[in-house]
Amino acid sequence: MEAKTLTGACLCGSVRYTVQGDPQRAYHCHCDRCRKATGTGHASNLVVAGTLTWNTGEALVRQFKVPEAQRFTNTFCSECGGRVPRSVAGSGTVMIPMGSLNDDPGIEPQARIFLGSGAAWSCNGQVLPGFDERPG
Ligand SMILES: [Zn+2]
Ligand SMILES: [Zn+2]
């Protein structure tokens, strides 16, 4: 894919970022770490080969690395708790929580992964009815 400029922000908008690079892969990850970090059934993670720049709010960014994990690090705004991207050490890639993006990254999740760790109630994207807004 060609290089893109992607921008995003946390929930409160204090932390704003720009990622430049090539979107490589995107997954809905159902692993227990992603579930705990997001409080949801799965995280939607985008890996970009490129660079991460903080536009505002870098001082608010906090990281929690799961001690027994090789890499898993939750990166978030300390003001609102919204997840923000992180540079993956030594890989030249940036891991972006897709919900923090302001732009369409032009790539859709290719797979749902770690389904074996998924919660029984987690959506599978196939069987539930869809609504544009909260149903009445
Ligand atoms: Zn925030
Ligand atoms: Zn995961």
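Start with the core: select Val15, Val19, Val84, Val94 and Ile96, which touch the most other members of the largest nonpolar core, a set of 16 residues. A nonpolar core here is a set of buried Ala, Val, Leu, Ile, Met, Phe, Trp, Tyr and Cys residues joined through C-beta atoms within 7 Å. Buried means that 20 or more other C-beta atoms lie within 10 Å of a residue's own; exposed means 12 or fewer, partly exposed is in between, and the C-beta atoms are placed from the backbone. In soluble globular proteins, nonpolar side chains tend to be buried together.

Before you click on, know that this is a predicted model, where local features need pLDDT of at least 70, side-chain atom pairs count only at pLDDT 80 or more, and totals for chains, interfaces and linings use all residues. Residues are numbered from 1 along each chain as its sequence is written, while chains are lettered from A and ligands numbered from 1 in the order in which they are written.

Strands are DSSP runs of E with at least two residues, helices are runs of H or I with at least four, and both are numbered from the N terminus.

Next, zoom in on Val19. Which residues does Val19 touch, leaving out those up to four places away in sequence? They are Leu6, Val48, Gly50, Leu52, Pro85, Val94 and Ile96. Touching, or being in contact, means that the C-beta atoms, placed from the backbone, lie within 7 Å.

Time to follow S2 and its neighbors. Two strands count as paired if DSSP finds at least two bridges between them.

- S1 and S2: this pair is antiparallel, with six bridges. Select Thr7 to find its bridge partner in S2, Thr18. Thr5 stands opposite Gln20 in S2. Six residues lie between the strands of this hairpin, and Gly13 takes a positive phi near 85°.
- S2 and S3: these run antiparallel over 13 bridges. Pick Tyr17 and look across to Trp54, its bridge partner in S3.
- S2 and S8: this pairing is parallel, over three bridges. Here Tyr27 stands opposite Ala111 in S8.

Jump to Asp103, in the loop between S7 and S8. Is Asp103 buried or exposed? It's exposed, because it has 11 other C-beta atoms within 10 Å. Asp103 touches Leu6 and Thr7, not counting residues up to four places away in sequence. Try the distance tool on the C-alpha atoms of Asp103 and Thr5: they are 98 residues apart along the chain, yet separated by 8.9 Å.

Finally, zoom out. The protein chain has one helix and eight strands, in the order β-β-α-β-β-β-β-β-β along the sequence. Its C-alpha atoms fill a box of roughly 40 × 35 × 30 Å, taken along the principal axes. Of the 136 residues, 27% are buried. Among contacts between residues at least 6 apart in sequence, 64% join residues at least 24 apart.

Last stop: color by pLDDT, the predictor's confidence in each residue, from 0 to 100. The chain's mean is 93, and 99% of its residues reach 70 or more. Confidence is lowest in strand S8 (residues 111–113), at a mean of 91, and highest in S7, at 98.

Key:
Two residues are in contact if their C-beta atoms, placed from the backbone, lie within 7 Å.
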